[in-house]
Amino acid sequence: MTESMIFYILHTAKESPGEIMKSDPKYNCWEYMRCERQPGGKLHNTDGGCPAAIDGMSDGINNGNNGGRFCWAISGTFCFGEVQGNYAKKIQGCMDCDFFWLVADEEDDLTLSANGLCDTNRKGKMSSNGNILASGVTSPDQ
């Protein structure tokens, strides 16, 4: 019997394999990028904390802690080796980030902007809620 078979046999009464897969953790940006700028991280006190890691107003958006799964909408994050600007200035660069597409793939209804003006469907295609007109955006691999 293989190790995975033993795991399944021991867990059949509690959880199905689908339920086990759903319980995989959803990473916050600082965990995925391993930047160490979150409170308690190695670089937080020396190089400065990341606004996404402490933005309590964004807590829970896209199922993240603070702004950890909404970093593209938070000004002043440290990405690609430099401090980023506001949403309008950085969103195109964020769309080149693997983490952005990971979140887009994991969330059924991705919140894209700080004002909730645009949301995306499961595969990252933007749609308008009526307040603005949004153009279609697709993942680079689609």
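These are my notebook entries on a predicted model of one protein chain.

**Ground rules.** I number residues from 1 along each chain as its sequence is written, and I use heavy atoms for side-chain values, with hydrogens and water left out. Local features need pLDDT of at least 70 and side-chain atom pairs count only at pLDDT 80 or more, while totals for chains, interfaces and linings use all residues.

**Overall fold.** I counted 7 helices and 5 strands in the protein chain. Helices (H or I, at least four residues) and strands (E, at least two) are DSSP runs, numbered from the N terminus. From that end I read the order α-α-α-α-α-β-β-α-α-β-β-β. The chain has 142 residues, and 32% of them count as buried. Buried means under 20% relative accessible area, exposed over 50%, and partly exposed in between (1.4 Å probe, protein chains only).

**Cysteines.** I looked for disulfides (pairs of cysteine sulfur atoms within 2.5 Å). I found 0. For cysteine 50, the nearest cysteine sulfur belongs to cysteine 29, 5.4 Å away. Cysteine 50 is buried, at 7% relative accessibility. I then checked cysteine 79. Its closest cysteine sulfur is in cysteine 71, and the 5.9 Å between them is too far for a bond. Cysteine 79 is partly exposed because its relative accessibility is 22%.

**Largest pocket.** I looked up its volume: about 260 Å³. The lining has 17 residues, and Cys29, Met33, Phe78, Cys79 and Phe80 are the closest to the centre. H3, strand S1 (78-79), helix H6 (87-94) and helix H7 (98-106) each supply at least two lining residues. On a 1 Å grid over the protein atoms alone, a pocket is an open set of points where a 1.4 Å probe fits, with protein on both sides within 12 Å along at least five of seven lines; lining residues have an atom within 4 Å of a point.

**Nonpolar patch.** Tyr27, Tyr32 and Met33 make a nonpolar surface patch of about 300 Å². Patch residues have over 30% relative accessible area and no salt bridge, and nonpolar side chains (Val, Leu, Ile, Met, Phe, Trp, Tyr) are joined within 5 Å. A salt bridge is a side-chain nitrogen of Lys or Arg within 4 Å of a carboxyl oxygen of Asp or Glu. I placed tyrosine 27 in the loop between helix H2 (17-22) and helix H3 (29-33). Tyrosine 27 is partly exposed, at 41% relative accessibility.

**Aspartate 47.** I found this residue in helix H4 (residues 44-47). Aspartate 47 counts as partly exposed, at 47% relative accessibility. Its C-alpha atom is 7.6 Å from that of arginine 37, 10 residues apart along the chain.

Note on methods
Patch = residues over 30% accessible without salt bridge, like charges linked within 9 Å, V, L, I, M, F, W, Y side chains within 5 Å. Areas by Shrake-Rupley, 256 points an atom, 1.4 Å probe, with all protein chains shown as cover. Points joined across faces, edges and corners; volume = space filled by probe spheres on them.
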